[in-house]
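Dear colleague,

I am passing on a structure for you to look at, and I would be glad if you read the notes below with it open beside you.

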Amino acid sequence: MKTFHRILAFAALTAALVSASARAEDVKAGDLVITQAWTRATPNGAKIGGGYLTIENKGTTPDRLVSGSGDVAGKIEVHEMSMDNGVMKMRALDKGLTIEPGKTVKLAPGGYHLMMFDLKNPLKQGDKVPVTLEFEKAGKVSVSLDVQAVGAQAPGGGGHSGHGDHSGHMDMKKM
């Protein structure tokens, strides 16, 4: 019976490790490490979506996320969302998003994010969406966004957000 329990424990541990490694797809590009790349599922007919990820700069010089691309959308831009006198504002970061040396920048709902315009198809929970990020120094980097539930606030998480669907009181500006 002890052997059976050891086999069962080993099988459970192996399953946990395999599923953890399947989720944790770290992408290294030069001095950058990109983790937790994800997006939200979109309803049929939706033409925009957001992309989220974490970028750590392990180097000694800054780098800059300047753009994105992918077959999923007509255009992918780097955006910032912020509150200004109770109004949600979103703007494209035309000069990109700097990742300082030794720092980590998180693209997450309600802050910095990738804005995917003219989605070709709905994003379906459980799918993986390939995109290419372009950095000033690290160059082009391929990542896969894990599609989470419609109201997800984090990879593997749930929850709803009042501004997650980019609707409501929002002033979209290109600065």
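Below is what was found for a few of the residues.

This is a predicted model, in which local features need pLDDT of at least 70 and side-chain atom pairs count only at pLDDT 80 or more, while totals for chains, interfaces and linings use all residues. Residues are numbered from 1 along each chain as its sequence is written, and side-chain values use heavy atoms, with hydrogens and water left out.

Let me begin with the backbone. Gln36, although it is not a glycine, has a positive phi of about 50 degrees, and it sits in strand β2, residues 32-40 (strands are DSSP runs of E with at least two residues, numbered from the N terminus). Gln36 counts as partly exposed because its relative accessibility is 42% (buried means under 20% relative accessible area, exposed over 50%, and partly exposed in between, with a 1.4 Å probe and protein chains only).

Asp118 is not a glycine either, and has a positive phi of about 55 degrees; its place is in strand β9, residues 113-119, and Asp118 is partly exposed because its relative accessibility is 49%.

Turning to another residue, Asn57 belongs to strand β3, residues 48-57, and counts as buried because its relative accessibility is 2%. The side chain of Asn57 reaches the backbone nitrogen of Gly59 at 2.8 Å. Leaving aside residues up to four places away in sequence, Asn57 touches several others, among them Asp31, Leu32, Pro62, Ile99 and Lys103, where contact means heavy atoms within 4.5 Å.

Key. Helices (H or I, at least four residues) and strands (E, at least two) are DSSP runs, numbered from the N terminus. A polar contact is a pair of N or O atoms within 3.5 Å; within protein, one must be able to donate a hydrogen and the other to accept it, and residues adjacent in sequence count only if both atoms are side-chain atoms.
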